[in-house]
Amino acid sequence: MNKQITLLPGDGIGSEVISSAVQVLQVVADEYKHTFNFQIEDIGGTAIEKHGTPLPEKTSAVCKSSDAVLLGAVGGPKWDNNPSHLRPEKGLLQIRKELGLFANLRPVKGFPSLLHASPLKEEVVNGSDLLIVRELTGGIYFGTPSQRNHEGNSAVDTLYYTKQEIERIVDKAFQCARERRKHLTSVDKANVLESSKLWREVVEAKKVNYPDVKVEHLLVDAAAMKLITNPSQFDVIVTENMFGDILSDEASVLTGSLGMLPSASLREDGFGLYEPVHGSAPDIAGKGVANPLAMILSAAMMLRYSFGLEEEACLIEAAVEHVLKEGYSTGDLQMQKGTKVNTDEMTAQVVSYITSESAAHSILSCYA
Ligand code: IPM
Ligand code: MG
């Protein structure tokens, strides 16, 4: 298989973790006789510094002509006071919109060796394995008007959804539920918001097409509460853009390690942008100590969702599980014992497992 991958390191630790993902992808390519070509482009604060805009036209064009995109992180204190069109985050929002990446998949699954670091009791979090399917290109993030009044003493944002935008994300979530434990929780605020009433109607209408999937509606405030009181009751959660943003950060710490969580942002045809859920971590940027595992797991999601390379994806995931089990951890991971490593050493451990004899056994278990 021959694929063209755009790399958008962005800001902070972005370039360090992207470099780890590339090393892992290279070794997978060698093992399986694939060719991955990489092209690096600017986004976020780095792009503001170099080109005066968080999303240069060339970056969009290169992403559009490639087979998939890997993104590190955007943002940092340096740009916090910039006007909104010159904020690094704007580049990320714009690329999601321009590439039509409406479906954001954020899996939250605990690694056994890290569960003790969860802010929840181990018995509460044990067995949690959920997938948040967040609508990513609509809702209050993109509705207009979004502005201040002339005097600057009032402001408006608009939560706008068309039926078609809701239908496609709901279909995606039902399809994901089918591949998992067949339980879909749709989260809204239908007791208050008109857009949520429409959302709920769409879910009700769609569910007849998926009789094998059990559907439940939850108001967002109750969902936030249940995520910490009984997280293992969830399988797939589908929700609109801002609720998904908030709930996915809440869910991400359940497993004791924000530094472990990957994500995929997909278009209807499977094209996607893959990024870790964590941010640019400016406090540790450039020190070579960032945890590369969420980025590496994002690369695995790319192989699975955009390239259909299930075995290769599974092998990377097994490698990550293995190095954690062996006790290797970066500074952000609170392991009780084991060996503290930096970014390069962690990456080397993952690479070494992928090329080892024991990797073959993991592949067998992928199909079990
Ligand atoms: C995320 C982030 C972004 C969002 C920011 C950086 C614009 O929080 O990917 O969850 O709100 O979507
Ligand atoms: Mg967020």
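Q: Between which domains does ligand 1 lie, and why?
A: Let's start with the ligand in this predicted model. The shell around ligand 1 takes in Glu89, Leu93, Arg96, Arg106, Arg134, Tyr141 and Asp245. Both domains give residues to that shell, so ligand 1 lies between domain 1 (1-102 + 267-368) and domain 2 (104-258).

Q: Which helix gives the largest share of the shell around ligand 1?
A: Glu89, Leu93 and Arg96 are among the residues around the ligand. The helix that spans residues 88-98 supplies three residues, the largest share of the shell, and that helix is H4.

Q: How far is an oxygen atom of ligand 1 from an N or O atom in the side chain of Tyr141?
A: Polar pairs are counted here within 3.5 Å. Arg134 places a polar side-chain atom 2.8 Å from a ligand oxygen, and Asp245 has one at 2.9 Å from an oxygen of the ligand. For the side chain of Tyr141, the distance to a ligand oxygen is 2.5 Å.

Q: What percentage of the area that ligand 1 exposes when taken alone does the protein bury?
A: Contacts with ligand oxygens come from Arg134, Tyr141 and Asp245. On its own, ligand 1 exposes 320 Å², and the share of this that the protein buries is 75%.

Q: Which helix gives the most to the lining of the largest pocket?
A: The largest pocket holds about 1,200 Å³ of space. Several elements each supply at least two residues of its lining, including strand S4 (103-109), strand S5 (129-135), helix H6 (163-179) and helix H11 (310-325). With seven residues, the top contributor is H11.

Q: Which residues lie nearest the centre of the largest pocket?
A: Domain 1 (1-102 + 267-368) and domain 2 (104-258) each give at least three residues to the lining of this pocket. By class, that lining has 19 nonpolar, seven polar and 11 charged residues. Of the 37 lining residues, those nearest the centre are Lys109, Asp129, Arg180, Arg304 and Glu317.

Q: Which element gives the most to the lining of the largest cavity?
A: The structure holds one cavity of 30 Å³ or more. Its lining is made by Leu159, Tyr161, Val187, Asp188, Ser195, Ser196, Trp199 and Glu240. Strand S8 (183-188) and helix H7 (194-206) are the elements that give two or more residues to this lining. The one that gives the most, with three residues, is H7.

Q: How many nonpolar, polar and charged residues are in the lining of the largest cavity?
A: The volume of this cavity is about 30 Å³. Leu159, Ser195 and Glu240 are among the residues that line the cavity. Sorted by class, its lining has four nonpolar, two polar and two charged residues.

Q: Which residues does a cis peptide bond join?
A: Have a look at strand S6 (residues 143-148), where Pro145 has its place. Omega is about 5° at the cis bond, which joins Thr144 and Pro145.

Q: What is the value of phi that Lys33 is near?
A: Lys33 lies in the loop between helix H1 (14-32) and strand S2 (35-40). This residue is other than glycine, yet its phi is positive, with a value near 60°.

Note on methods
Residues are numbered from 1 along each chain as its sequence is written. Chains are lettered from A and ligands numbered from 1 in the order in which they are written. This is a predicted model: local features need pLDDT of at least 70, side-chain atom pairs count only at pLDDT 80 or more; totals for chains, interfaces and linings use all residues. Side-chain values use heavy atoms; hydrogens and water are left out. On a 1 Å grid over the protein atoms alone, a cavity is a set of points where a 1.4 Å probe fits but cannot get out, and a pocket is an open set with protein on both sides within 12 Å along at least five of seven lines; lining residues have an atom within 4 Å of a point. Grid points are joined across faces, edges and corners, and a volume is the space filled by probe spheres set on the points. Helices (H or I, at least four residues) and strands (E, at least two) are DSSP runs, numbered from the N terminus. Ala, Val, Leu, Ile, Met, Phe, Trp, Tyr, Cys and Pro count as nonpolar, Asp, Glu, Lys and Arg as charged, and the others, Gly among them, as polar. A residue is near a molecule or strand if one of its heavy atoms lies within 4 Å of it. A polar contact is a pair of N or O atoms within 3.5 Å; within protein, one must be able to donate a hydrogen and the other to accept it, and residues adjacent in sequence count only if both atoms are side-chain atoms. Accessible areas come from the Shrake-Rupley method with a 1.4 Å probe; for residues, only the protein chains shown count as cover. Domain bounds come from an automatic or database domain assignment.
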